[in-house]
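Here are some notes on the structure, point by point. Please read them with the model open.

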Amino acid sequence: MNIQVKETSKSFDQLEVIRDVDLTIMSGEICCLLGPSGSGKTTLIRLMIGAIAPSKGTVHIGETLMPNMKLLNDIGFMPQNNALYEDLTAEDNLNFFGSLYKLERQLLKQRIEEVLTIVDLTAHRHKRVQVFSGGMKKRLSLAISILHKPKVLFLDEPTVGIDPVLRREIWRQFHQIKQDGTTIVVSTHVMDEVIECDRAALIYNGALIEYDTVDNLLAKTETGRVEELFLLAADQQKGGDPR
Amino acid sequence: MMQLAKRVVRQTLNDKRSVMMILIAPLLILTLIYLLLGDTDYVPVIAVDEVTPPQVVMVLEKQELDVIELPNNVESAKAYLSSHPDVDAVFRADREGTDITLQEPSKKSSIAVKEIQAGLTSLNPAAKIATTYVHGSTDQSTFDSLGYVFLSLFSFFMVFVISAMAFVKERSDGTLERLLMTPIKRSEVILGYTVGYSFFAILQAILIVLYTVYILQMASNGNIFLVLLVLLLLATTAVLFGATISVFASSALQVVQLIPFTIIPQVFFSGLIALDLIPYHLGNLSYVMPIFYGASAIKEIMVYGNGFEEIWGYLLGLVGYIVVLYLINVLALKKFRNT
């Protein structure tokens, strides 16, 4: 499923957090929302999921106008913090979130086996989350978000505070999920991660400053580093319209 | 909805401290209150001035009093008592009248006065005043007459704390946000929580009622099942009240910081102090305190022996609270999801 964001703005208490964003995320691609912290990445994700309604403009996922409760069945979401129940075991966490999607008992059981294998936590399924390491929690959180085979997966800063080895591992899993035709939207402020994605949307101060394939974006820079594009945008805003 | 309730139960069971707080702590505190407010076998010590006629001394000695002789050389009763803290009263009776000097206005002093008066009336049976109560009896302890307040107080307080903390944790851990990114209705989330904690509320209610009535022998004239119903409604109110308060707190510490505003005023207006005795008509504030409704209903049942016809007004008050708090909580979840 593709995602179309049309002329969308969002304000909280008069403060415009998202400004007139036009963006179409292609079905089956990994799209990166790249931007410094506070640039509006999370708000944009919440608008796309339909957690909040835009102040102006529209968001569609496939043919469906968001927000839409039913479509949440096709959406996976991995929040910035782990959002796990520490008092429950890994399996209980999966069971609980799985039951909210009203998956059939047998299917849910089978899916739990599958996702535990994908994130390599099968051996730790009966341990309580409170004894998990940071990396294990991240992987469990990812497992929960893909439990119901979502067609669109939103990942909000999934690799924050993760060591390089685990980061590579997690990206490998994203690519694996993509193989099933899942559209993945990843927000990150780590500029290097952009090369893992098909396309990148550069967000600065709530506005979309660039959206292109990663190859094209890198070609626009002199040094082959994405930072350049942000520095350029910062300079333009200073010279142009002071918002 | 039931998945959520089941999860709440499982999660709480996994946390031993929460289980202790809901089920064991109220029993412990009620036992302490029983010991503190229950019957006392204290025998006051009184020193009798030598001018007191011997027949008066004799009747005093027949009472539950430790009678000693006041030494001759004392300057005044007050000076003697100040230097003898273990003596409760100095007694002096002669033709001009009777003087009792006591240490301080306290429970010990009132026991001494009560015993002395009982002795004196036995000298003159015509002066005897017979006291009878419509509800309860003269030999009832404070625990018997006020215990019901504590029953509702602790039931409310424990459930409130557990629920408020759990909700704060859901908010700060992000699990509530994740929950609302699944196709569950906002109303189902709150209902699931309420049902989950109500499970513990029922257990708690059964446990503390059986304990106070059968083990602590608190006087009860009414239907125990009605008491259980009241406690269940009160605890449900506490779950939703805790959830509402958690909106204003971003950590467990802040929940504790809010207790002086949320719980302590309710203690004073719960029935511990008769509403008519509270000045400036402030007693009317009781009507905005959920604990008041629970405590009053339990008083009607346990002390007055009344049935459903007399308490439905209080039950309605609690149900009203439940409905309003439920709606507030469903609306508060809009922060996470608009639909």
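1. Helices here are DSSP runs of H or I with at least four residues, numbered from the N terminus. In those terms, B:Q217 sits in the chain B loop between α8 (186-215) and α9 (224-246). Bear in mind that this is a predicted model.

2. The backbone at B:Q217 deserves a look. Its phi is positive, about 60 degrees, although the residue is not a glycine. Is B:Q217 buried or exposed? Exposed means over 50% relative accessible area. B:Q217 has 55% relative accessibility, so it counts as exposed.

3. B:H281 lies in the loop of chain B between α11 (264-272) and α12 (290-302). With a relative accessible area of 68%, B:H281 is exposed.

4. Chain A has a cis peptide bond to inspect. The bond runs from A:M66 to A:P67, and its omega is near -5 degrees. A:P67 belongs to the loop between β5 (64-65) and β6 (75-78) of chain A.

5. Next, the core. The largest nonpolar core counts 130 residues. Those with the most contacts inside it are A:L94, A:L140 and A:F174, along with B:F160, B:L179 and B:V189.

6. Now the interface. In chain A, 31 residues are in contact with 27 residues of chain B. The two chains, A and B, bury about 2700 Å² between them. Carbon and sulfur atoms account for 58% of that area. On the chain A side, A:M69, A:Y85 and A:L100 lose the most area to chain B. Together they make up 23% of what that side buries.

7. How many salt bridges does the rule find across the interface of chain A and chain B? It finds two. A:R46 forms a salt bridge with B:E177. The closest N and O atoms of this pair are 4.0 Å apart.

8. Last, the surface of chain B. B:L28, B:L32, B:Y34, B:L35 and B:L36 make a nonpolar patch of about 540 Å². B:L32 is in helix α2 (residues 16-37) of chain B. Its relative accessible area is 45%, so B:L32 is partly exposed. Patch residues need over 30%.

Definitions and conventions: Residues are numbered from 1 along each chain as its sequence is written. Chains are lettered from A and ligands numbered from 1 in the order in which they are written. This is a predicted model: local features need pLDDT of at least 70, side-chain atom pairs count only at pLDDT 80 or more; totals for chains, interfaces and linings use all residues. Side-chain values use heavy atoms; hydrogens and water are left out. Patches are made of residues with over 30% relative accessible area and no salt bridge: like charges are joined within 9 Å, nonpolar side chains (Val, Leu, Ile, Met, Phe, Trp, Tyr) within 5 Å. Accessible areas come from the Shrake-Rupley method with a 1.4 Å probe; for residues, only the protein chains shown count as cover. A salt bridge is a side-chain nitrogen of Lys or Arg within 4 Å of a carboxyl oxygen of Asp or Glu. Helices (H or I, at least four residues) and strands (E, at least two) are DSSP runs, numbered from the N terminus. Buried means under 20% relative accessible area, exposed over 50%, partly exposed in between (1.4 Å probe, protein chains only). A nonpolar core is a set of buried Ala, Val, Leu, Ile, Met, Phe, Trp, Tyr and Cys residues joined through side-chain atoms within 4.5 Å. Contact means heavy atoms within 4.5 Å. Buried area is the accessible area (1.4 Å probe) that two parts lose on being put together, summed over both.
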